Amino acid sequence: MSYDQPDTPVRETIIPLSVPEIRGNEWKYIKECLDTGWVSSVGSFVERFEVEVAATVGARYAVATASGTAALHIALLVAGVEEDDEVLVPALTFIAPANAVRYVGAWPRFVDVDPDYWQMDPEKVVTFLDQECRWANGELRNKTTGRRIKAIVPVHILGHPVDMDPIRDAARKYNLVTIEDGTESLGAKYKDRMVGHLGDIACFSFNGNKIITSGGGGMIVTENASWAERARYLTTQARDSAVEYIHNSIGFNYRLTNIQAAMGVAQLERLDEYLERKQRHARAYAQALCEVPGVAVPREAAWAVHTFWLYTILVDPYEYGCSSRELIALLKSRHIESRPLWMPIPMTPAHRQSDGTPMDVSRRLYERAVSLPSSVGLTAEERGEVIGVIREGPSA
Ligand SMILES: *Cc1c(COP(=O)(O)O)cnc(C)c1O
């Protein structure tokens, strides 16, 4: 297929997939850091950002980190995940949570996602724990590998929450820790409860492509005071004396800087507005695309508030007339950025040693999904252009 000569003129600037929206107090707060000299890993904005993220989620404690990946690494450590433990991770997610499991020497045990909302499938979690593991001496072990199952990491992908209640019940039954990866879903709700307040500990990211950004950064939130304290200790090089350099553990430099936190605070002030904008994009996309043969729009469970962080459709190649990858190329030829979902992690060479159930749903989503421009600042005209190209389809 060639897209060299579209009949409609090609726009000059690119419609990006997702770019930060910077229109508030970012300049003012960052300038305050520069004016006062509080630019590094200590400062009032770090504390303020922690307090405000905790309040947003409804959690008691928050600890800022250098990234969402760092937050996951520390959350696994404070939750007591150890070398050679196994941790349940969904097959379809950005790779960070699986990598973080390997950082502590544990192994991800992949679980397929559900076909309706594309999240870690609670039925498959329960089936695995009940049927493929054995409970003995207060521990759950994988019958095949013999390893201890220690934690579950539900990842709320794309802005939709995981169906948490059955996962929490199973975790309680087998004494497992639940570590939420809420990096893509700040502001989403599950049965009127905020993502980030549904497990034992949760992680967020403020990377440039997330709903709000601090340039880079992350956050751990929890109700557990001693875990929060331990997390703060480990992220600040595990320093046991403020004066003498005494360290009783191997720590990390995973701190967020005051400049980054200043940006985060400014961004968080606009979270509600950003969520509203993303949801408006989603309504417009859904209305225009739900009737296109071969295109399926994302669903929102009755028990969910979906933030539509990254609006993602599925393309049936036979009915639509071309594959997801061909649609991505077509959009690109019109200067519109789009992209597929992640390769299921058990298929990626980096994690080939890890184990998992058959990943039929994840594979199908990987083949069919196309994420569309979803920036907060996307205009109605730009949205209309994206919709126009998809409606025209490969015949154009
Ligand atoms: C972005 C992301 C992360 C990692 O966040 P960083 O701040 O980029 O380290 C972790 N998990 C998921 C699902 C993500 O999308």
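In this predicted model, the second largest pocket is lined by 21 residues. Phe94, Ala96, Ser205, Asn207 and Lys210 are the lining residues that lie nearest the centre of this pocket. Its volume is about 280 Å³. Two helices, α3 (68-78) and α4 (96-103), each supply at least two residues of the lining, and α3 gives the most, with three residues. By class, the lining of the second largest pocket divides into 10 polar, seven nonpolar and four charged residues.

The largest pocket holds about 450 Å³ of space. Its lining consists of 19 residues, and those nearest the centre are Ser41, Val42, Arg232, Thr236 and Arg255. At least two lining residues come from each of α2 (44-57), β1 (61-65) and α7 (225-235). Eight residues of the lining of the largest pocket are nonpolar, six are polar and five are charged.

An open sheet is formed by three strands in the order β12-β14-β16, with antiparallel pairing. Strands β12 (295-296) and β16 (369-371) stand at the edges and have a single partner strand each, so one side of each is left without a neighbour in the sheet. Strand β14 (residues 312-315) runs antiparallel to β16 and is joined to β16 by three bridges. In this pairing, Leu314 stands opposite Ala369 of β16. Strands of a sheet pair through backbone hydrogen bonds, in either a parallel or an antiparallel manner.

How values were computed. Residues are numbered from 1 along each chain as its sequence is written. This is a predicted model: local features need pLDDT of at least 70, side-chain atom pairs count only at pLDDT 80 or more; totals for chains, interfaces and linings use all residues. Side-chain values use heavy atoms; hydrogens and water are left out. On a 1 Å grid over the protein atoms alone, a cavity is a set of points where a 1.4 Å probe fits but cannot get out, and a pocket is an open set with protein on both sides within 12 Å along at least five of seven lines; lining residues have an atom within 4 Å of a point. Grid points are joined across faces, edges and corners, and a volume is the space filled by probe spheres set on the points. Helices (H or I, at least four residues) and strands (E, at least two) are DSSP runs, numbered from the N terminus. Ala, Val, Leu, Ile, Met, Phe, Trp, Tyr, Cys and Pro count as nonpolar, Asp, Glu, Lys and Arg as charged, and the others, Gly among them, as polar. Two strands pair if DSSP finds at least two bridges between them.
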